[in-house]
Amino acid sequence: QVQLVESGGGSVQAGGSLRLSCAATGVNWRTTCMGWFRQAPGKEREAVATLYTGGGQTYYTYYGDSVKGRFTISPDNTENTVNLQMDSLKPEDTGMYYCAARPQCLGVLSPTGYNYWGQGTQVTVSS
């Protein structure tokens, strides 16, 4: 059974940084894509970044247009976690951030088909 637990959210001023972590259990890293999504009040859920490791040291990533160049997704295979480093934060980055998993993704990084979700962690960026 896949279980995902997010941590690292909080409040920060614009221009600051936060690092989110997702502790994943029950994940087969050879076949599963991992992702971070976010949802702001009154808005649809948005894909932030996805990642596929294939169980190896090399990994592949996808980023949403609004976070390219500011956010970095990375795996920590030894800790079975997926991290999201968020730099140059903007007020529009505010929202609930969710970690998600898509087993049997076949290495396809498209942010669709994710069917395991964590409880979320709140990120608030003030101007």
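Buried here means under 20% relative accessible area, exposed over 50%, and partly exposed in between, with a 1.4 Å probe and protein chains only. Strands are DSSP runs of E with at least two residues, numbered from the N terminus. The model is predicted: local features need pLDDT of at least 70, side-chain atom pairs count only at pLDDT 80 or more, and totals for chains, interfaces and linings use all residues. Residues are numbered from 1 along each chain as its sequence is written, and side-chain values use heavy atoms, without hydrogens and water.

E3 belongs to an open sheet of 4 strands in the order E1-E3-E8-E7, paired antiparallel. Two strands pair if DSSP finds at least two bridges between them. Strands E1 (3-7) and E7 (71-76) are at the edges with a single partner strand each, so one side of each has no neighbour in the sheet. On average, neighbouring strands of this sheet are turned by 15 degrees against each other, direction ignored; the axes behind such angles are lines fitted to C-alpha atoms, and angles run from 0 to 180 degrees between N-to-C directions.

On one side, E3 pairs with E1 in the antiparallel sense over 5 bridges, and Gln-3 stands opposite Thr-25 in E3. E3 (residues 18-25) is also joined to E8 (residues 81-86) by 6 bridges, again antiparallel. In that pairing Leu-18 stands opposite Met-86, and Arg-19 stands opposite Gln-85.

The next topic is the nonpolar core, a set of buried Ala, Val, Leu, Ile, Met, Phe, Trp, Tyr and Cys residues joined through side-chain atoms within 4.5 Å. The largest one has 27 residues, and Met-34, Trp-36, Leu-84, Met-86 and Tyr-97 have the most contacts inside it. At least two residues each come from E3, E4 (33-39), E5 (46-52), E7, E8, E9 (95-102) and E11 (121-126). E3 supplies the largest share, 4 residues. A second, separate core of 8 residues includes Phe-37, Ala-47, Cys-105 and Tyr-114.

Strand E4 also holds Arg-38, which counts as buried at 5% relative accessibility. One is with the side chain of Ser-66 at 3.2 Å, and another is with the side chain of Asp-93 at 2.8 Å.

Conventions: Polar contact = N/O pair within 3.5 Å; in protein donor to acceptor, adjacent residues only side chain to side chain.
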